[in-house]
Amino acid sequence: MATAAADDTAADARRVVLFDFDGVIVRHQTLEMFFRERLSGAGRWRLLLALPVVPLVPLLIGSVRGNRFLGHVFLRVTTFGRREASYRRMIDAYARAYARRPGVFFRDAVATLRRHVDAGDRVIVVSGNDRQMVEAILDEVNLGGHELVASQTRGGLFGMRFVRHNVDGAKVRALEREGIPRPWSVAYGDSLSDLPLLKAADAAKLVNPTPKIAKKAGRVLGDKLEILYWF
C-alpha cells in the first residue's frame with residue numbers, strides 16, 4: 001500500500017503537457033476533410049440539406065463560434081440517414097487511410113511528444129475532433145496510448161451530433177472535468193480557438209501560425225507565448 005501511494009504521488013507530480021491534434025500533430029483539419037469527402041461525388045446531394053447555411057459559410061468560417069456552428073451543421077449533414085454503427089465504420093476507415101498517407105504528421109511534433117514522454121511528463125492530447133478519429137489515426141501509426149480528451153458524438157434520428165464539442169473554452173472545462181489538476185506546464189496549439197488552453201498553461205507554444213494569428217495571440221498571451229515552426 002505504501003508503494004502504491006508513493007507511485008500515485010509521483011504520478012501527480014509529473015508535469016502536465018497538452019497537445020492539440022489537428023494542425024499540431026497532424027497537418028490537416030481531419031474532420032473537415034472527412035466532411036468534404038462525404039460531400040463529394042455521389043454524396044453531393046447532401047449539400048441540399050445545408051443549403052440555407054451555404055451562403056453564410058464565408059462569414060462564419062473566419063471566427064471561432066462560426067467554425068463551431070459549421071462543425072455541428074456538417075456533422076449532421078454528412079451523416080443524415082446513417083446509423084451510428086455505420087458512421088463509426090466510415091470514420092475509422094477514413095482515419096486509418098489518412099494516417100497511412102506520407103507526410104501527414106509533423107515530424108517535429110512527434111519528436112517533441114516523444115521527448116516529453118521520455119522526460120516523464122504526463123502527455124495529454126486535447127482535441128476538438130471526434131475521439132474515434134483521433135484514436136484511429138494515432139493507433140494506425142503506433143502513436144496511441146496517450147491520454148486523450150476529445151469531442152464526443154452520438155447518433156440520433158437525424159444523424160450524428162456532438163454530445164460534447166471540445167473546442168475553445170470547452171477544452172479547459174473538459175480537462176477540469178476529467179480531474180487533471182493544474183498547473184498545466186505546457187500547451188501546444190495552432191489557432192485562436194486554442195487561446196483558452198494556451199492561456200491556462202504556464203508556457204504557451206503556438207505552432208505554424210499566420211502573422212495575423214500570431215499577432216492576436218501575442219496580445220492575449222504576452223511574454224509566455226513562443227512561436228514554433230514545425231515540419
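This is a predicted model: local features need pLDDT of at least 70, side-chain atom pairs count only at pLDDT 80 or more; totals for chains, interfaces and linings use all residues.
A residue is called exposed when its relative accessible area is over 50%, buried when that area is under 20%, and partly exposed in between.

The overall architecture is considered before the surface. The protein has ten helices and seven strands. Its radius of gyration is 18 Å, close to the 17 Å that the globule rule gives for 231 residues, so the protein is as compact as a globular protein of that length. The C-alpha trace extends over about 60 × 45 × 35 Å along the principal axes. Of the 231 residues, 46% are buried.

One is positive and consists of K212, K215, K216 and R219. Within this group, R219 belongs to helix 10, which comprises residues 211–221. The relative accessibility of R219 is 59%, and because the threshold for exposure is over 50%, R219 counts as exposed.

The other patch is nonpolar and covers about 850 Å². Its members are W45, L48, L49, L51, V54, F80, L157 and F158. Among them, V54 is situated in the loop that connects helix 2 (30–38) with helix 3 (57–60). The relative accessible area of V54 is 35%, so this residue is classed as partly exposed: the value falls between the limits of 20% and 50%.

Taken together, R219 in helix 10 contributes to the positive patch, whereas V54, in the loop between helix 2 and helix 3, contributes to the nonpolar one.

Technical notes. Residues are numbered from 1 along each chain as its sequence is written. Side-chain values use heavy atoms; hydrogens and water are left out. Patches are made of residues with over 30% relative accessible area and no salt bridge: like charges are joined within 9 Å, nonpolar side chains (Val, Leu, Ile, Met, Phe, Trp, Tyr) within 5 Å. Accessible areas come from the Shrake-Rupley method with a 1.4 Å probe; for residues, only the protein chains shown count as cover. A salt bridge is a side-chain nitrogen of Lys or Arg within 4 Å of a carboxyl oxygen of Asp or Glu. Lys and Arg count as positive and Asp and Glu as negative; His and the chain ends are not counted. The place of a charge is taken as NZ of Lys, CZ of Arg, CG of Asp or CD of Glu. Helices (H or I, at least four residues) and strands (E, at least two) are DSSP runs, numbered from the N terminus. Buried means under 20% relative accessible area, exposed over 50%, partly exposed in between (1.4 Å probe, protein chains only). The radius of gyration is taken over C-alpha atoms; the globule rule is 2.2 Å times the number of residues to the power 0.38.
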